[in-house]
Amino acid sequence: MSEQQTDQQAKTKFQIQHDRPNCIGCAACAAIAPDFWTMSEDGKSDIVASKKREDGWEELDIEEKNFALNKEAADSCPVNVIHIVDKETGDKVI
Ligand code: SF4
């Protein structure tokens with residue numbers, strides 16, 4: 001593995017996941033972290049520049065420096081459809 005790849009992996013320590021089918025569109029996430037969360041025309045939120053999964057969930061790898069803000073967004077979600085996974089351990093932080 002090249003040094004660059006290692007650097008990139010170290011940077012994206014976490015992955016945010018959005019259970020979009022169960023999002024109720026309250027917009028709390030987009031208010032707290034607008035660089036990462038945006039409201040869509042169908043009334044639900046989207047993770048900005050995320051990978052869309054076939055089951056309707058969205059995923060985005062994030063750097064450690066962006067963890068706290070996205071954790072705050074996840075904590076604000078009234079239906080707990082925002083999850084954060086530690087990519088190293090596979091543990092679900094929230
Ligand atoms: S806070 Fe939760 S329910 Fe509200 S828009 Fe964001 S993901 Fe959807």
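Trainee: Two strands pair if DSSP finds at least two bridges between them, and with that settled, how many strands form the open sheet, and in what order?

Mentor: The open sheet is built from 4 strands in the order 4-5-1-6, with antiparallel pairing, where strands (E, at least two residues) and helices (H or I, at least four) are DSSP runs numbered from the N terminus. Bear in mind that this is a predicted model, in which local features need pLDDT of at least 70 and side-chain atom pairs count only at pLDDT 80 or more, while totals for chains, interfaces and linings use all residues. Residues are numbered from 1 along each chain as its sequence is written.

Trainee: Which strands are at the edges?

Mentor: Strand 4 (51-52) and strand 6 (82-86) are the edge strands, each pairing on one side only. Strand 4 is joined to strand 5 (residues 58-62) in the antiparallel sense over 2 bridges, and K51 has E59 of strand 5 as its bridge partner.

Trainee: And what else does the chain have in the way of helices and strands?

Mentor: In total there are 3 helices and 6 strands, and from the N terminus on they follow the pattern α-β-α-β-β-β-β-α-β.

Trainee: Switching topic, which residues make up the largest nonpolar core?

Mentor: That core, meaning buried Ala, Val, Leu, Ile, Met, Phe, Trp, Tyr and Cys residues joined through C-beta atoms within 7 Å, has 11 residues, namely F14, I16, C29, A33, F36, W37, I47, A73, A74, C77 and I82. Strand 1 (14-18) and helix 3 (67-76) each contribute at least two of its residues.

Trainee: What does I47 touch?

Mentor: Leaving out residues up to four places away in sequence, I47 touches I16, H18, F36, W37, E58 and L60, with contact meaning C-beta atoms, placed from the backbone, within 7 Å. For the chain as a whole, 55% of the contacts between residues at least 6 apart in sequence join residues at least 24 apart.

Trainee: Is A31 buried or exposed?

Mentor: A31, which sits in helix 2 (residues 28-32), is exposed because it has 12 other C-beta atoms within 10 Å; the cut-offs, with C-beta atoms placed from the backbone, are 20 or more for buried, 12 or fewer for exposed, and partly exposed in between. Buried residues account for 20% of the 94 residues in the chain.

Trainee: How far is A31 from S76 in space?

Mentor: Their C-alpha atoms are 9.9 Å apart, although A31 and S76 are separated by 45 residues in sequence.

How values were computed: Contact = placed C-beta atoms within 7 Å. Pairing = 2+ DSSP bridges.
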